[in-house]
Amino acid sequence: MPIYNIRNTELVWRGLTMTGFSDVKISLGSDRLSNIQVIGISGECFVHPNPSRIWVISSMFNINSLSYPILEQDNLDNVEDTLIIRDLNIGTTDIYTKCTIMSITNNQDNYFKTVTWHAIKRNGR
């Protein structure tokens with residue numbers, strides 16, 4: 001699971017650059033296999049991309065940040081949009097389309113909350 005360093009990473013949600021990250025990094029994973037092995041009747045097999053793979057992106061935000069109320073309202077409104085993560089360390093950009101905030105969870109101290117997005121496509125695939 002790749003992890004982005006938040007010190008040199010920009011997170012853009014719905015065209016707005018997010019601020020107020022906690023000290024935890026942005027993590028990325030997928031909750032389904034990326035490939036499906038298909039086996040035919042004669043025993044032949046090939047690997048096919050899984051069209052139902054979902055990307056899971058999560059990050060922690062301070063409650064008193066300017067970005068958190070926007071994220072909370074988008075969660076309540078079930079907003080679907082594009083999430084862009086720019087890693088300024090190595091100069092890469094990942095674009096997640098058809099992305100929705102699926103959950104916002106508390107930590108023990110209630111100083112920051114974990115925001116979790118689910119995305120259908122990463123970089124057009």
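The protein chain has one helix and 10 strands, where helices (H or I, at least four residues) and strands (E, at least two) are DSSP runs numbered from the N terminus. This is a predicted model, in which local features need pLDDT of at least 70, side-chain atom pairs count only at pLDDT 80 or more, and totals for chains, interfaces and linings use all residues. Residues are numbered from 1 along each chain as its sequence is written, and side-chain values use heavy atoms, with hydrogens and water left out.

Read from the N terminus on, the elements run β-β-β-β-β-β-β-α-β-β-β. Buried residues make up 35% of the 125 residues in the chain; here buried means under 20% relative accessible area, exposed means over 50%, and partly exposed is in between (1.4 Å probe, protein chains only). The chain exposes about 7,700 Å², with carbon and sulfur atoms supplying 52% of it. Such areas come from the Shrake-Rupley method with a 1.4 Å probe, and for residues only the protein chains shown count as cover. As for contacts (heavy atoms within 4.5 Å), take those between residues at least 6 apart in sequence: 61% of them join residues at least 24 apart.

Now to the sheet. Strands of a sheet pair through backbone hydrogen bonds, either parallel or antiparallel. In this model, eight strands form an open sheet in the order S1-S4-S7-S10-S9-S8-S2-S3, and the pairing is antiparallel. Two strands count as paired if DSSP finds at least two bridges between them. The edges are strand S1 (3-4) and strand S3 (16-17), each of which pairs on one side only.

A few of these pairings can be followed residue by residue. S2 and strand S8 (residues 80-87) run antiparallel and are joined by five bridges; threonine 9 stands opposite aspartate 87 in S8. Eight bridges join S7 to S10, again antiparallel, and isoleucine 57 has tryptophan 117 in S10 as its bridge partner. S10 also pairs with S9 in the antiparallel sense, over nine bridges, with threonine 100 standing opposite histidine 118 in S10.

What packs on the sheet? Helix H1 (residues 68-77) does, touching S2, S3, S7, S9 and S10. The direction of H1 makes about 80° with that of S9. Axes here are lines fitted to C-alpha atoms, for helices over the stretch in contact, and angles run from 0 to 180 degrees between N-to-C directions.

Aromatic rings are next. A pair of aromatic rings is described by the distance of the centres and the angle of the planes. Rings of Phe, Tyr and Trp (its six-membered ring) pair if their centres lie within 6.5 Å; planes under 30 degrees apart count as stacked, over 60 as edge-to-face and the rest as tilted. A search of the whole structure turns up four aromatic pairs. In one of them, the rings of tryptophan 13 and tryptophan 117 have centres 6.0 Å apart and planes at 55°, so the pair is tilted. Since tryptophan 13 lies in strand S2 (residues 9-13) and tryptophan 117 in strand S10 (residues 112-122), the pair ties together parts that are 104 residues apart in sequence. Tryptophan 13 counts as buried, at 0% relative accessibility, and tryptophan 117 is buried at 0% too.

Another pair is made by tryptophan 55 and tyrosine 96: their ring centres are 6.5 Å apart and their planes at 65°, so this one is edge-to-face. Tryptophan 55 belongs to strand S7 (residues 55-62) and tyrosine 96 to strand S9 (residues 92-106), so the pair ties together parts that are 41 residues apart in sequence. Tryptophan 55 is buried, with a relative accessible area of 11%, and tyrosine 96 is buried at 0%. The charged end of arginine 122 sits over the ring of tryptophan 55, 4.9 Å from its centre; that label needs NZ of Lys or CZ of Arg within 6 Å of the ring centre and within 35 degrees of the ring normal. Ring pairs also link Trp13, Phe21, Phe61 and Trp117 into a cluster.

Finally, the loops. Most residues other than glycine have a negative phi. Arginine 14, though not a glycine, has a positive phi of about 55°. Arginine 14 lies in the loop between S2 and S3 and counts as partly exposed, at 38% relative accessibility. Asparagine 78 also has a positive phi, near 55°; this residue is found in the loop between H1 and S8 and is exposed, with a relative accessible area of 57%. Asparagine 64, in the loop between S7 and H1, is exposed at 70%. The C-alpha atoms of asparagine 64 and glycine 20 are separated by 7.8 Å, although the two residues are 44 residues apart along the chain.
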